[in-house]
Amino acid sequence: MAELTFFGHASFLLKEEGKEILLFDPFLTDNPSTTVKPEDLKVDYILISHGHADHLGDAYKIAGNTDALIISTAEIARQAQGEGLNAHAQHLGGRHAYPFGSVKLTLAFHGSGIAGGHACGFVVDYYGKKIYFAGDTALFGDMKLIGELDALDLALLPIGDNFTMGLDDAVMASSFLGAKEVLPYHYNTWPLIEADPEEFKQKVEQKTKSQVIILEPGQSYKF
Ligand code: NI
Ligand code: MN
(Lines give C-alpha, C1' and ligand atoms only; values in the text may rest on other atoms or scores of the structure.)
(Ligands and ions follow the chains in the order given, each with its own letter.)
Protein backbone atom coordinates (compact mmCIF):
# COMPACT_ATOMS: atom_id res chain seq x y z
CA MET A 1 0.00 0.00 0.00
CA ALA A 2 1.22 3.48 -0.87
CA GLU A 3 0.84 6.10 1.84
CA LEU A 4 0.28 9.79 1.16
CA THR A 5 0.88 12.27 4.02
CA PHE A 6 -0.32 15.88 3.82
CA PHE A 7 1.92 18.53 5.43
CA GLY A 8 -0.49 21.39 4.73
CA HIS A 9 -0.85 23.79 1.76
CA ALA A 10 0.61 21.85 -1.25
CA SER A 11 3.16 19.66 0.53
CA PHE A 12 2.83 15.89 0.34
CA LEU A 13 5.01 12.89 1.15
CA LEU A 14 4.49 9.67 -0.80
CA LYS A 15 5.98 6.48 0.56
CA GLU A 16 5.61 2.73 0.67
CA GLU A 17 7.20 0.41 3.23
CA GLY A 18 10.87 -0.17 2.38
CA LYS A 19 10.67 1.74 -0.92
CA GLU A 20 11.74 5.10 -2.32
CA ILE A 21 10.18 8.22 -0.79
CA LEU A 22 8.88 11.19 -2.81
CA LEU A 23 8.24 14.69 -1.47
CA PHE A 24 6.10 17.26 -3.32
CA ASP A 25 6.44 21.07 -2.99
CA PRO A 26 7.93 21.08 0.53
CA PHE A 27 6.79 24.44 1.94
CA LEU A 28 7.30 23.81 5.64
CA THR A 29 9.24 26.47 7.59
CA ASP A 30 6.93 29.39 6.76
CA ASN A 31 3.76 27.29 6.38
CA PRO A 32 1.37 28.11 9.26
CA SER A 33 -0.37 24.72 8.89
CA THR A 34 2.61 22.39 8.63
CA THR A 35 3.26 19.59 11.08
CA VAL A 36 6.85 18.67 10.22
CA LYS A 37 10.31 20.23 10.25
CA PRO A 38 12.46 20.06 7.10
CA GLU A 39 15.40 18.59 9.05
CA ASP A 40 13.22 15.63 10.13
CA LEU A 41 12.56 14.47 6.58
CA LYS A 42 14.53 11.71 4.87
CA VAL A 43 13.48 11.47 1.23
CA ASP A 44 14.83 10.19 -2.09
CA TYR A 45 13.15 12.60 -4.53
CA ILE A 46 11.75 16.12 -4.32
CA LEU A 47 9.26 17.18 -7.01
CA ILE A 48 8.91 20.97 -7.42
CA SER A 49 5.99 22.32 -9.47
CA HIS A 50 7.20 25.94 -9.73
CA GLY A 51 9.40 28.54 -8.10
CA HIS A 52 6.92 30.41 -5.88
CA ALA A 53 7.99 30.42 -2.23
CA ASP A 54 4.93 28.42 -1.10
CA HIS A 55 6.09 25.51 -3.33
CA LEU A 56 9.88 25.72 -3.66
CA GLY A 57 9.87 26.34 0.10
CA ASP A 58 12.46 24.20 1.89
CA ALA A 59 13.25 22.05 -1.15
CA TYR A 60 16.90 23.05 -1.51
CA LYS A 61 17.55 22.75 2.23
CA ILE A 62 16.07 19.23 2.32
CA ALA A 63 17.92 18.22 -0.87
CA GLY A 64 21.17 19.43 0.72
CA ASN A 65 20.50 17.45 3.91
CA THR A 66 19.51 14.20 2.20
CA ASP A 67 21.11 14.10 -1.27
CA ALA A 68 17.60 13.69 -2.65
CA LEU A 69 17.20 14.09 -6.42
CA ILE A 70 15.16 17.15 -7.38
CA ILE A 71 12.75 16.58 -10.28
CA SER A 72 11.42 19.75 -11.88
CA THR A 73 11.39 21.94 -14.98
CA ALA A 74 14.74 22.59 -16.64
CA GLU A 75 14.89 26.14 -15.21
CA ILE A 76 14.47 25.06 -11.58
CA ALA A 77 16.67 21.97 -12.05
CA ARG A 78 19.51 24.13 -13.46
CA GLN A 79 19.17 26.59 -10.59
CA ALA A 80 19.31 23.70 -8.08
CA GLN A 81 22.39 22.26 -9.81
CA GLY A 82 23.96 25.71 -9.54
CA GLU A 83 23.48 25.41 -5.77
CA GLY A 84 25.40 22.11 -5.87
CA LEU A 85 22.27 19.93 -5.58
CA ASN A 86 21.28 16.79 -7.51
CA ALA A 87 18.54 17.55 -10.01
CA HIS A 88 16.96 15.97 -13.06
CA ALA A 89 15.55 18.41 -15.61
CA GLN A 90 12.35 17.52 -17.44
CA HIS A 91 9.82 19.67 -19.23
CA LEU A 92 6.16 19.85 -20.16
CA GLY A 93 4.84 16.71 -21.81
CA GLY A 94 7.98 14.70 -21.07
CA ARG A 95 7.99 11.47 -19.08
CA HIS A 96 11.09 9.89 -17.54
CA ALA A 97 11.55 6.52 -15.83
CA TYR A 98 12.87 6.27 -12.26
CA PRO A 99 13.37 3.18 -10.08
CA PHE A 100 9.92 3.75 -8.46
CA GLY A 101 8.15 4.13 -11.84
CA SER A 102 7.98 7.36 -13.81
CA VAL A 103 7.22 11.08 -13.74
CA LYS A 104 5.54 13.06 -16.52
CA LEU A 105 5.41 16.85 -16.41
CA THR A 106 1.97 18.22 -17.27
CA LEU A 107 0.75 21.66 -18.21
CA ALA A 108 -0.16 24.04 -15.40
CA PHE A 109 -1.45 27.53 -16.13
CA HIS A 110 0.31 29.64 -13.52
CA GLY A 111 3.46 31.72 -13.04
CA SER A 112 6.79 29.92 -13.00
CA GLY A 113 8.38 31.97 -10.22
CA ILE A 114 11.68 31.77 -12.13
CA ALA A 115 12.96 33.63 -15.19
CA GLY A 116 12.12 31.89 -18.46
CA GLY A 117 10.36 29.02 -16.75
CA HIS A 118 6.90 27.49 -16.72
CA ALA A 119 4.83 26.07 -13.89
CA CYS A 120 4.01 22.35 -14.15
CA GLY A 121 2.03 19.53 -12.64
CA PHE A 122 3.09 15.88 -12.39
CA VAL A 123 1.65 12.50 -13.31
CA VAL A 124 3.59 10.04 -11.17
CA ASP A 125 3.58 6.28 -11.60
CA TYR A 126 4.55 5.16 -8.10
CA TYR A 127 5.04 1.38 -8.06
CA GLY A 128 2.00 1.03 -10.34
CA LYS A 129 -0.25 3.65 -8.71
CA LYS A 130 -1.00 6.67 -10.89
CA ILE A 131 -1.14 10.00 -9.10
CA TYR A 132 -1.77 13.43 -10.65
CA PHE A 133 -0.50 16.43 -8.67
CA ALA A 134 -1.82 19.54 -10.42
CA GLY A 135 0.56 22.07 -8.84
CA ASP A 136 -0.86 25.59 -8.91
CA THR A 137 -3.11 25.98 -11.92
CA ALA A 138 -6.24 27.42 -13.41
CA LEU A 139 -8.82 25.00 -14.74
CA PHE A 140 -8.08 24.07 -18.36
CA GLY A 141 -9.88 21.82 -20.82
CA ASP A 142 -6.85 19.69 -21.63
CA MET A 143 -7.08 18.16 -18.16
CA LYS A 144 -9.38 15.76 -20.04
CA LEU A 145 -6.29 14.52 -21.92
CA ILE A 146 -4.41 13.92 -18.68
CA GLY A 147 -7.19 11.60 -17.56
CA GLU A 148 -7.42 9.91 -20.97
CA LEU A 149 -3.69 9.27 -21.27
CA ASP A 150 -3.23 7.86 -17.77
CA ALA A 151 -5.88 6.00 -15.75
CA LEU A 152 -5.54 7.91 -12.49
CA ASP A 153 -5.92 6.35 -9.08
CA LEU A 154 -5.64 9.67 -7.26
CA ALA A 155 -5.82 13.33 -8.34
CA LEU A 156 -4.54 16.08 -6.03
CA LEU A 157 -6.19 19.43 -6.86
CA PRO A 158 -5.96 23.00 -5.52
CA ILE A 159 -9.34 24.43 -4.48
CA GLY A 160 -8.51 27.67 -2.62
CA ASP A 161 -9.25 30.19 -5.41
CA ASN A 162 -7.50 33.59 -5.82
CA PHE A 163 -4.12 32.10 -6.89
CA THR A 164 -5.44 28.85 -8.41
CA MET A 165 -8.71 27.35 -9.52
CA GLY A 166 -11.46 27.64 -6.95
CA LEU A 167 -13.76 24.99 -5.57
CA ASP A 168 -16.29 24.84 -8.43
CA ASP A 169 -13.61 24.85 -11.13
CA ALA A 170 -11.90 22.01 -9.26
CA VAL A 171 -15.20 20.09 -9.34
CA MET A 172 -15.15 20.43 -13.14
CA ALA A 173 -11.46 19.41 -13.18
CA SER A 174 -12.47 16.27 -11.27
CA SER A 175 -15.07 15.46 -13.93
CA PHE A 176 -12.39 15.90 -16.65
CA LEU A 177 -9.81 13.71 -14.90
CA GLY A 178 -11.96 10.72 -13.93
CA ALA A 179 -9.64 9.68 -11.10
CA LYS A 180 -10.84 7.03 -8.64
CA GLU A 181 -10.15 9.43 -5.79
CA VAL A 182 -9.61 13.18 -5.54
CA LEU A 183 -7.89 15.04 -2.72
CA PRO A 184 -8.08 18.85 -2.28
CA TYR A 185 -5.17 21.09 -1.19
CA HIS A 186 -4.00 24.75 -1.37
CA TYR A 187 -6.84 26.03 0.84
CA ASN A 188 -7.21 27.45 4.39
CA THR A 189 -3.46 28.11 4.74
CA TRP A 190 -4.37 31.81 4.94
CA PRO A 191 -7.75 33.63 5.04
CA LEU A 192 -7.30 34.64 1.37
CA ILE A 193 -7.68 31.02 0.21
CA GLU A 194 -10.45 29.84 2.52
CA ALA A 195 -12.53 26.99 1.13
CA ASP A 196 -14.77 24.27 2.55
CA PRO A 197 -13.45 20.80 1.62
CA GLU A 198 -16.75 19.22 2.72
CA GLU A 199 -18.59 21.32 0.11
CA PHE A 200 -16.01 20.17 -2.47
CA LYS A 201 -16.54 16.54 -1.47
CA GLN A 202 -20.31 16.84 -1.69
CA LYS A 203 -20.22 18.45 -5.14
CA VAL A 204 -17.61 16.08 -6.63
CA GLU A 205 -19.40 12.98 -5.37
CA GLN A 206 -22.74 14.31 -6.65
CA LYS A 207 -21.44 15.24 -10.13
CA THR A 208 -18.70 12.65 -10.83
CA LYS A 209 -17.82 9.03 -10.08
CA SER A 210 -14.78 10.08 -8.01
CA GLN A 211 -14.60 9.77 -4.23
CA VAL A 212 -13.08 12.67 -2.28
CA ILE A 213 -10.49 12.13 0.46
CA ILE A 214 -9.94 15.04 2.87
CA LEU A 215 -6.74 15.18 4.90
CA GLU A 216 -5.96 17.59 7.74
CA PRO A 217 -2.29 18.64 7.88
CA GLY A 218 -0.36 15.75 9.43
CA GLN A 219 -2.87 13.10 8.35
CA SER A 220 -2.06 10.21 6.00
CA TYR A 221 -4.06 8.15 3.58
CA LYS A 222 -3.29 4.63 2.30
CA PHE A 223 -4.28 3.49 -1.17
NI1 NI B 1 2.22 29.63 -7.17
MN1 MN C 1 0.77 28.36 -4.43
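**Questions about a metal site and a sheet**

Modeller: In this predicted model, the manganese ion (ligand 2) is coordinated by Asp54 (OD), His55 (NE2), Asp136 (OD) and His186 (NE2), at 2.2 Å. Local features need pLDDT of at least 70 and side-chain atom pairs 80 or more, while totals for chains, interfaces and linings use all residues. Residues are numbered from 1 along each chain as its sequence is written, and side-chain values use heavy atoms, without hydrogens and water.

Biologist: What makes these atoms donors of the manganese ion (ligand 2)?

Modeller: Donors are N, O and S atoms within 2.8 Å of the metal (3.2 Å for Na, K and Ca), and water is not among the atoms, so sites may look incomplete. The atoms here lie at 2.2 Å, so they count as donors.

Biologist: Good to know! Why is Asp136 called buried?

Modeller: Buried means under 20% relative accessible area, exposed over 50%, partly exposed in between (1.4 Å probe, protein chains only). Asp136 has 1%, so it is buried; His186, with 1%, is buried too.

Biologist: And what does Asp136 bridge?

Modeller: Asp136 bridges the manganese ion (ligand 2) and the nickel ion (ligand 1), which lie 3.4 Å apart.

Biologist: How do you know that β2 and β3 pair?

Modeller: Strands are DSSP runs of E, at least two residues, numbered from the N terminus, and two strands pair if DSSP finds at least two bridges between them. Strand β2 (residues 12-15) and strand β3 (residues 22-24) have three, in the antiparallel sense, so they pair. Phe12 stands opposite Phe24 in β3.

Key
Chains lettered and ligands numbered in written order. Helix = DSSP H or I, 4+ residues; strand = E, 2+ residues; numbered from the N terminus.
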